[in-house]
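My notes follow, in the order I went through them.

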Amino acid sequence: MTSMKDAATAFLSNERVAVTGVSRTPKTHGSNNVYRRLRERGYQVFAVNPNAAEVEGDRAYPDLMSIPGGVQAVLIGTRPERAEETMHECAELGIGHVWMHRGPGAGSVSAAATDYGRRHGITVIDGGCPLMFAPTADLGHKVMRHVFAGHVPKEV
């Protein structure tokens, strides 16, 4: 097992990151918040939404396989029942880092997806949010990291 801090650091050290579940109607949608923050911090970030050609002013891709040049890491921000399908795609593409987003609600965490990913050599973070950790953190997310401590794994 790896500490959450070390796993978050490893995930955030990847420059090319896909974010699934980025919405055409962002409002306060978690995936959109993560997508924008990663983009603002200089990551090469790719939105995955099979129902949109564009989100957040950028091209959207229908799936991970469609991203030119591939990615090194994936944030899953869809419903939990979609997470396992995404995890299978990550394994097929050799993606080594996957984070299933989880804030105050159920989030995107799927036990089946976690198990599948780990059995296939993927470092899976099953909860919390990348915005809770440096270099993408902000004060509000740092506070949430402690308030929602039960939703952030201690080890992965």
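**Helix pair**

I started with helix α3 (residues 80-93) and helix α4 (residues 111-119), which pack at an angle of about 10° with their axes 8 Å apart. Angles under 35 degrees count as roughly parallel, over 145 as roughly antiparallel, 65 to 115 as roughly perpendicular and the rest as oblique, so α3 and α4 are roughly parallel to each other. The axes are lines fitted to C-alpha atoms, for helices over the stretch in contact, and angles run from 0 to 180 degrees between N-to-C directions. Helices (H or I, at least four residues) and strands (E, at least two) are DSSP runs, numbered from the N terminus.

I then listed the contacts (heavy atoms within 4.5 Å). Ala83, Glu84, Met87, His88 and Ala91 of α3 meet Ala112, Ala113, Tyr116 and Gly117 of α4. These residues divide into six nonpolar, two polar and one charged; Ala, Val, Leu, Ile, Met, Phe, Trp, Tyr, Cys and Pro count as nonpolar, Asp, Glu, Lys and Arg as charged, and the others, Gly among them, as polar.

**Ground rules**

I kept in mind that this is a predicted model, where local features need pLDDT of at least 70, side-chain atom pairs count only at pLDDT 80 or more, and totals for chains, interfaces and linings use all residues. Residues are numbered from 1 along each chain as its sequence is written, and side-chain values use heavy atoms, with hydrogens and water left out.

**Sheet**

Next I traced an open sheet of seven strands with mixed pairing, in the order β3-β4-β2-β1-β5-β6-β7. β3 and β7 (123-126) stand at the edges with a single partner strand each, so one side of each has no neighbour in the sheet. Two strands pair if DSSP finds at least two bridges between them; β5 (residues 73-76) and β6 (residues 97-100) pair in the parallel sense over four bridges. Leu75 stands opposite Trp99 in β6. Helix α1 (residues 4-12) packs on the sheet, touching β1 (16-20), β5, β6 and β7, and its direction makes about 115° with that of β6.

Is His97 buried or exposed? His97, in strand β6, is buried, with a relative accessible area of 18%; buried means under 20% relative accessible area, exposed over 50%, partly exposed in between (1.4 Å probe, protein chains only). Beyond neighbours within four places in sequence, the contacts of His97 include Ala10, Phe11, Val74 and Ile122.

Ile125 sits in strand β7 and counts as buried at 1% relative accessibility. Setting aside neighbours within four places in sequence, Ile125 has contacts including Met4, Phe11, Trp99 and Val156. I also checked Ile125 against Lys154: 29 residues apart in sequence, 9.8 Å apart in space, C-alpha to C-alpha.

**Cores**

A nonpolar core is a set of buried Ala, Val, Leu, Ile, Met, Phe, Trp, Tyr and Cys residues joined through side-chain atoms within 4.5 Å. Of the 27 residues in the largest one, Met4, Phe11, Val19, Leu38, Trp99, Ile125 and Phe133 touch the most other members. α1 gives this core its largest share, five residues. Another core, of 19 residues, lies apart from it, with Ala18, Val48, Ala113 and Ile122 among them.

**α2 and backbone**

In α2, the buried residues are Ser31, Asn32, Val34, Tyr35, Arg37 and Leu38, and they pack against α1, β1, β2, β4 and β5. Gly42 follows α2 with a positive phi near 95°. Glu56 has a positive phi too, about 55°, although it is not a glycine; I found Glu56 in the loop between β3 (54-55) and β4 (58-61).
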